[in-house]
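Trainee: Pick one part of this structure and take me through it closely. Then set it against the rest of the chain.

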Amino acid sequence: MDISLLEKTDDNFLQLLREHGCTVNRVCYMYAGCVEDYEDMRQETYVNLWRGMDRFRGESDVRTWVYRVALNSCVSFFRRNRRADAHTPLSALTDVADDGCNRNELISEMHRLINRLDHVEKAMILLWLDGYPYDAIADVMAMPRNTVASRLKRIKEKLVRYSEE
């Protein structure tokens with residue numbers, strides 16, 4: 001998306017959501033405790049994106065900026081509305097087609113394992129799974145690239161341990 005398209009207009013906002021809505025959905029899903037939380041987080045993220053459009057300076061990629069806004073919106077929502085026993089079934093939020101190889105079960109298991117991580121670890125592994133390079137993750141997480149590399153290594157090891165339990 002062209003930075004000039006971040007001029008605050010309805011058309012530009014809708015274009016932003018068309019291009020980056022999946023990113024918002026993924027981040028909100030990983031922090032949601034239930035379908036209602038997911039919807040509330042997504043709506044809050046949209047509001048924050050709208051409010052921030054005219055303040056985006058182009059110092060980072062638009063996709064990185066959207067990810068950061070979504071992540072901050074979800075973490076803020078989670079802190080305000082913490083529910084310890086909440087759980088969102090994967091089937092309630094996704095339309096993953098069954099390709100005959102238990103893809104739904106694998107994705108559900110992956111989400112279950114990721115949800116055991118703390119918020120920073122969860123954000124980092126989601127960025128990595130979304131294909132962000134270490135430099136972009138470092139930008140979003142406001143930490144040095146080498147820290148990202150070492151923390152991701154430990155997070156992956158932790159996920160392997162969780163899967164063996």
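Mentor: Start with a definition. A residue is buried under 20% relative accessible area, exposed over 50%, and partly exposed in between, using a 1.4 Å probe and protein chains only. This is a predicted model, in which local features need pLDDT of at least 70, side-chain atom pairs count only at pLDDT 80 or more, and totals for chains, interfaces and linings use all residues. Residues are numbered from 1 along each chain as its sequence is written, and side-chain values use heavy atoms, with hydrogens and water left out.

Helices are DSSP runs of H or I with at least four residues, strands are runs of E with at least two, and both are numbered from the N terminus. Ala-142 is not a glycine, yet its phi is positive, at about 55 degrees. Ala-142 counts as exposed because its relative accessible area is 70%.

Move on to Asn-146, which lies in helix H8. Its relative accessibility is 61%, so Asn-146 is exposed too. Look back from there to Tyr-134. Twelve residues separate Asn-146 and Tyr-134 in sequence, and their C-alpha atoms are 8.4 Å apart in space.

Next, the surroundings. The chain holds eight helices and zero strands. Of its 165 residues, 41% are buried. Take contacts (heavy atoms within 4.5 Å). Among those between residues at least 6 apart in sequence, 64% join residues at least 24 apart. The chain's accessible surface (Shrake-Rupley method, 1.4 Å probe; for residues, only the protein chains shown count as cover) is about 9500 Å², and 48% of that belongs to carbon and sulfur atoms.

One piece of surface deserves a stop. Met-110, Trp-128 and Leu-129 make a nonpolar patch with about 250 Å² of accessible area together. Patch residues have over 30% relative accessible area and no salt bridge; like charges are joined within 9 Å, and nonpolar side chains (Val, Leu, Ile, Met, Phe, Trp, Tyr) within 5 Å. A salt bridge puts a side-chain nitrogen of Lys or Arg within 4 Å of a carboxyl oxygen of Asp or Glu. Met-110 belongs to helix H5 (residues 103–114). Met-110 is partly exposed because its relative accessibility is 33%.

Finish at helix H1 (residues 10–31). H1 bends by about 65 degrees at His-20. That bend is the angle between axes fitted to the seven residues ending there and the seven starting there.
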